[in-house]
Amino acid sequence: MTWKQPQGWSGRDDGPGPQNARWHNTITPWQPGADVGTALLGFASDEGVRRNKGRTGARTGAASLRTALSSLALHEPLRLYDAGDIEVQGQELEAGQEAFAAALATLLSEGHFTVGLGGGHEITFASYRGLARALGDETPWSLGIVNIDAHFDLREEPLASSGTGFAQIARAQQDAGREFRYAAVGISEASNTRKLFDYARSLGVEVLLDTECHLGNLDGVRGFVTDFADSVDHLYLTIDLDALPASIAPGVSAPAGFGIGLEVVREVVLAAAGSNKLMHADIAELNPLFDIDQRTARTGARLLNDLILNRG
């Protein structure tokens, strides 16, 4: 595992002053003790994708997201920090997850809202570990996780991967005597076996299928997220870009043959952002090697931009 300093912020410059603010001329490197704001933390890993037999390349996803964010205009004053990347070396996924968790816990303990930039969806367990460490054991707490994803990621395997994150979280919560609260939005029946559905049911996972995530059901989608957020103390949102149709998000490990529309995904993001419960969010599975005209990166960047601007 190594830590890499933030880099890659550049873009269109229309002049000085807040009226010309963009991401690249607003964000600054994070330093310990910085005033409270929003802090980005990259996770350069696709070892979990490799273990899950997916197509690798997501380890450069964080850099691609920064590039796509750079020239987006900011119409409101924001305090934005970049805490750099945790880089997984070789096959040392578990060490990388632990390093990410430690760095995330530090940022959270300073009061920042944090956003993880993946990398494969193995970022999920790393994010959970950081959140649990920051929340501590002194007082009881409940953590709800909203996952926008075509897959449950509830595989039980000897080695952790991009497909085991929520099974790992369920075990960790059980070992700590805490309830496992998981809401999955965009789940594809065609991409998850009956065994996985049965396991999700046994864990009490709340599910909204991809066939239910359409423009005619935006109120239902919004209600699903807000009701779930209301039932927990803290919220963690994770966005797997493979939930989107392949035409919108071709640059992912497992492109979706059906997927859910960008308008629906954005509705979930805004509902989570406005819940007043959101502590942390991350975005996963961007694979620049298979992207087309930065289509996937630009989509992910817009979702992150809207999340941060609308967080209550």
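Q: What makes a stretch of this predicted model a helix or a strand?
A: Helices are DSSP runs of H or I with at least four residues, and strands are runs of E with at least two, numbered from the N terminus. On that basis, Glu122 falls in the loop between β5 (113–118) and α4 (123–135).

Q: Why is Glu122 said to have no salt bridge?
A: A salt bridge requires a side-chain nitrogen of Lys or Arg within 4 Å of a carboxyl oxygen of Asp or Glu. For the buried Glu122, the nearest side chain of opposite charge is Arg59, at 7.7 Å.

Q: What does the side chain of Glu122 reach?
A: The side chain of Glu122 reaches the backbone nitrogen of Glu47 at 3.4 Å. A polar contact is a pair of N or O atoms within 3.5 Å. Glu47 is also among the residues in contact with Glu122 beyond four places in sequence, a list including Phe43, Leu93, Gln97 and Ser161.

Q: Which peptide bond is cis, and what is its omega?
A: The bond joining Gly118 and Gly119 is cis, with omega at about 15 degrees. Most peptide bonds are trans. Gly119 belongs to the loop between β5 and α4.

Q: Why is Asn276 called exposed?
A: Exposed means over 50% relative accessible area. Asn276 has 60%, so the term applies. Asn276 is placed in the loop between α8 (262–273) and β10 (278–284), and has a positive phi of about 65 degrees although it is not a glycine. Most residues other than glycine have a negative phi.

Q: Is Glu285 buried or exposed, and how do you know?
A: Glu285 has a relative accessible area of 4%; buried means under 20%, so Glu285 is buried. This residue, in the loop between β10 and α9 (295–310), has a positive phi of about 75 degrees without being a glycine.

Q: How is the packing of α7 and α8 described?
A: Two packed helices are described by the angle between their axes and the distance between the axes. For α7 (residues 218–230) and α8, the axes come within 9 Å and cross at roughly 35 degrees, and the crossing is right-handed. Residues making the contact include Leu218, Val221 and Val225 of α7 and Val264, Val268 and Ala271 of α8.

Q: Why is Asn147 called buried?
A: The relative accessible area of Asn147 is 0%, and the limit is under 20%, so Asn147 is buried. Asn147 lies in strand β6 (residues 143–148). Its contacts beyond four places in sequence include His121, Phe152, Phe166 and Tyr182.

Q: What makes the pair Asn147 and Asp149 a polar contact?
A: Their side chains are joined at 3.3 Å, and the cut-off is 3.5 Å. The side chains of Arg201 and Asp198 also form a polar contact, of 2.9 Å. Arg201, in helix α6 (residues 194–202), is exposed, because its relative accessible area of 58% is over 50%.

Q: Why is Asn310 called partly exposed?
A: The relative accessible area of Asn310 is 39%, which lies between the limits of 20% and 50%, so Asn310 is partly exposed. Asn310 is in helix α9, and a polar atom of its side chain lies 2.7 Å from the backbone oxygen of Asp306.

Note on methods. Residues are numbered from 1 along each chain as its sequence is written. This is a predicted model: local features need pLDDT of at least 70, side-chain atom pairs count only at pLDDT 80 or more; totals for chains, interfaces and linings use all residues. Side-chain values use heavy atoms; hydrogens and water are left out. Buried means under 20% relative accessible area, exposed over 50%, partly exposed in between (1.4 Å probe, protein chains only). Lys and Arg count as positive and Asp and Glu as negative; His and the chain ends are not counted. A polar contact is a pair of N or O atoms within 3.5 Å; within protein, one must be able to donate a hydrogen and the other to accept it, and residues adjacent in sequence count only if both atoms are side-chain atoms. Contact means heavy atoms within 4.5 Å. Axes are lines fitted to C-alpha atoms, for helices over the stretch in contact, and angles run from 0 to 180 degrees between N-to-C directions. A crossing is left-handed if the near helix is turned anticlockwise from the far one by less than a right angle, and right-handed if clockwise.
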